[in-house]
Amino acid sequence: MIRLIASDLDETLLDDTHHVPERVRRAVAAARERGARFVPATGRPFGSVDVTLSELGLLGTPGEYVLSFNGGVITENAERRPLTSCSLPRDRAEALYEFGVAHELCMHVNTLDPVYLYHYVPEERAYIEGRMNIVETHEPTLDFLYAAGHVVVKLIYMSLDMGYLRHVRDELDAAGLTRGLDVYYSGNRYLECNAPGVNKGAGLMELARRLGVAREEVMAIGDNSNDVSMIREAGVGVAVANATEEAKAAADYVCQADNNAGGVAEAIEKFVLEA
């Protein structure tokens, strides 16, 4: 019996307009009626998930949770207080940021709140504006952030050219800047640098441990490389039809439906409602 369902958001749970399809809303509600918890698992901050939680009927709901920052932060929906946290080592965060400045890359510098955007290009502004608390910055170093008492939870490079992002990854690797970090791609536009040991799989298993849920009672659904760890860790790992080949290879089941057609609902129907 599946008691804990975790789903990635962008390109998995959400359609291309960034909303939850009606088929998925019905399936999540039916699964919850059977006693299963539904946990959004995102690389984004907790505060950016409010619209999605509202559409799922989970906003402010006690005993329900969100995995944010790729599993590095677990937050209970009612209290809205992080139960766990994480951060990049300062020297590594500073080096990654200065690399991005030198290469004129669009960067997300994630603190627990807000998200600082450097070289905020129009394509990224159109994609994310209004969905999270963003502060644009032109600072050449991170001194301003640490002086304000923040820590860097993770750092993201953005480009619509995935070939270029792979080249950036090669340069970072060669310079030793990714050594020991959890680094992966997401959203077909991001290269994410996370603290050591921070990934959705580890975060999901920590939440399951806290809730007393066995691995075989966990289902995880995703579409991209940052979802692979939770797809592999869960008792049932699922990839939606539009997932990358890497995510599909890690999955126990690949949906026929994509994110727009309700792939998450297909998984819930098969492994929860029809089981």
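Colleague: What makes S9 and S10 a hairpin, and which residue in the turn has a positive phi?

Modeller: S9 and S10 form a hairpin with 3 residues between them, and Gly187 in the turn has a positive phi of about 60°. Strands here are DSSP runs of E, at least two residues long, numbered from the N terminus. This is a predicted model, in which local features need pLDDT of at least 70, side-chain atom pairs count only at pLDDT 80 or more, and totals for chains, interfaces and linings use all residues. Residues are numbered from 1 along each chain as its sequence is written, and side-chain values use heavy atoms, with hydrogens and water left out.

Colleague: How do you know that S9 pairs with S10?

Modeller: Two strands pair if DSSP finds at least two bridges between them. S9 and S10 (residues 190–194) run antiparallel and are joined by 5 bridges, so they pair. Val183 stands opposite Cys193 in S10.

Colleague: Why is Lys154 called buried?

Modeller: Buried means under 20% relative accessible area, exposed over 50%, and partly exposed in between (1.4 Å probe, protein chains only). Lys154 has a relative accessible area of 0%, so it is buried. Lys154 belongs to strand S8 (residues 154–158).

Colleague: What makes the approach of Lys154 to Glu192 a polar contact?

Modeller: A polar contact is a pair of N or O atoms within 3.5 Å; within protein, one must be able to donate a hydrogen and the other to accept it, and residues adjacent in sequence count only if both atoms are side-chain atoms. The side chains of Lys154 and Glu192 make such a contact at 2.6 Å.

Technical notes: Helices (H or I, at least four residues) and strands (E, at least two) are DSSP runs, numbered from the N terminus.
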